[in-house]
Amino acid sequence: MTSPNAMPGTAASDEFSARLDEHKGIVCKIAHAYARNPEDWQDLSQEIILQLWKSYPRFDPRFKFSTWMYRVALNVAISNYRRERRRPNAVVSLEELVVEPAAQPEQSELDPRVAELYRIIGQLDELNRALMLLYLDDTSYRDIASILGISETNVATKINRLKLKIKEQFKENE
Amino acid sequence: MNLDEMKQTWTEHTVKLDRLLKLNLQALQSAQMDKSQSALNRYKTHRVIELITGVISAGLLGAYVVHRLTVPSLVIPALILDAFIIAAIAGCVRQLILLRQINFADPVTVIQAKLEAVKLHMLDNSRLMILSLPFYFAYIVLGFDLLFGVNILAQGDRAFLYANAALSVAFFLPALWVFRNLNFRNAGHPMIRIFINGAGGKQLLAAADFLNQIEEFKAEEQN
């Protein structure tokens with residue numbers, strides 16, 4: 001648990017902030033892929049960043065920051081997605097949002113091709129959705145295996161299956 | 001759109017997000033205060049309450065055993081009930097250990113499986129309750145002694161005692177079957193599904209199904 005003393009402005013938080021800033025797109029993409037509706041992504045982004053912030057004191061520098069970040073973000077997103085009832089105290093005012101609202105376009109404002117991508121991703125179950133996001137982000141099979149907790153062989157097999165499934169979907173849509 | 005275009009679109013999307021996103025970490029302080037009660041903390045609180053209740057009940061039954069030590073017909077039923085309470089306490093301790101082990105920086109399948117196992121706690125309790133069903137007469141024995149000061153095993157009507165003994169025996173095998181089979185791996189079995197639904201409704205069924213999905217996802221696949 002993070003001490004309130006380690007708030008923005010301290011060395012630890014500056015370091016966290018710089019690292020997060022470098023990979024902030026990960027949060028947004030994962031939140032978008034797992035939000036139950038377009039309005040939920042901001043709450044989910046905030047929840048992910050909050051958990052990253054709380055977990056940061058336990059971050060092991062021997063690992064890549066992005067790998068650690070994917071693990072935390074995906075775990076938060078999947079558990080949030082699976083939680084039927086939302087926590088009543090999870091809602092904060094717009095002024096308190098961690099990710100600025102202007103930063104992420106609404107679903108309707110998304111590039112149609114990106115919206116189509118999110119639609120395809122959204123059709124997958126929670127675990128295959130994570131796999132797909134990691135694949136699209138060009139994450140190595142080794143890192144995907146480490147993030148998801150499965151073997152590299154399993155990653156390769158599953159990605160091939162996903163590719164085939166998507167190809168078939170494209171064919172059907174043509 | 002084909003797969004190559006899909007990846008290209010995704011890369012462009014990533015670049016655009018990196019350019020547009022702004023982080024407002026100053027907001028973390030207030031957000032953290034807003035979220036002091038997390039879902040995990042709620043589970044922990046419930047388990048601790050269960051643990052305290054279990055320890056008190058086990059202690060009271062222990063005191064009862066000491067008080068009636070010279071009357072085996074009362075001590076044995078009390079010990080049987082105590083054994084079930086101790087098993088429930090052990091389940092609570094296991095859950096608290098599991099909750100302590102949850103670190104969101106661990107691999108996705110590991111953490112998700114642990115989170116679902118936490119949700120399945122009700123299933124463990126239901127298994128214990130079902131296993132205790134053939135021993136229902138132990139409750140009656142203790143109830144009669146505590147409420148009316150009557151040792152029903154010593155003073156009760158023989159026909160009544162034999163009828164209850166026969167009922168206990170009849171319950172034994174079905175209860176044992178349910179106890180052994182009531183777990184998430186058998187969530188596909190229609191009868192077990194009814195039991196899981198009865199123990200915790202759709203949420204418990206969803207947890208059992210997701211645990212199976214995780215196991216399937218983790219399994220090596222050979223093409």
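**Conventions.** I number residues from 1 along each chain as its sequence is written, and I letter chains from A and number ligands from 1 in the order in which they are written. Since the model is predicted, local features need pLDDT of at least 70 and side-chain atom pairs count only at pLDDT 80 or more, while totals for chains, interfaces and linings use all residues.

**Entry 1: domains of chain A.** I looked up the domain assignment, whose bounds come from an automatic or database source. Chain A has domain 1 (1-104) and domain 2 (110-174). The contact between them takes 10 residues from domain 1 of chain A and 11 residues from domain 2 of chain A; two residues are in contact if their C-beta atoms, placed from the backbone, lie within 7 Å. On the domain 1 side, helix H2 (24-34) and helix H4 (65-82) of chain A each give two or more residues. H4(A) provides the largest share of that side, 6 residues. Helices here are DSSP runs (H or I, at least four residues) and strands likewise (E, at least two), numbered from the N terminus.

**Entry 2: nonpolar cores.** I noted that the largest nonpolar core has 64 residues, and that A:Ile30, A:Ala31, A:Ile48, A:Ala73, A:Leu74 and A:Ala77 touch the most other members. Such a core is a set of buried Ala, Val, Leu, Ile, Met, Phe, Trp, Tyr and Cys residues joined through C-beta atoms within 7 Å. A residue is buried if 20 or more other C-beta atoms, placed from the backbone, lie within 10 Å of its own. Domain 1 and domain 2 of chain A each supply at least three residues to this core. Apart from it lies another core, of 11 residues, including B:Leu74 and B:Cys92.

**Entry 3: chain B.** I counted 10 helices and 0 strands in chain B. The radius of gyration of chain B, taken over C-alpha atoms, is 26 Å, well over the 17 Å that the globule rule gives for 223 residues, so chain B is more spread out than a compact globule. That rule is 2.2 Å times the number of residues to the power 0.38. The C-alpha trace of chain B spans about 85 × 45 × 25 Å along its principal axes. Buried residues make up 22% of the 223 residues in chain B.

**Entry 4: helix H3 of chain B.** I found B:Arg47, B:Leu61 and B:Tyr64 to be the buried residues of H3(B). Their cover includes helix H4 (72-101) of chain B.

Terms used
Buried ≥ 20, exposed ≤ 12 C-beta atoms within 10 Å, placed from the backbone.
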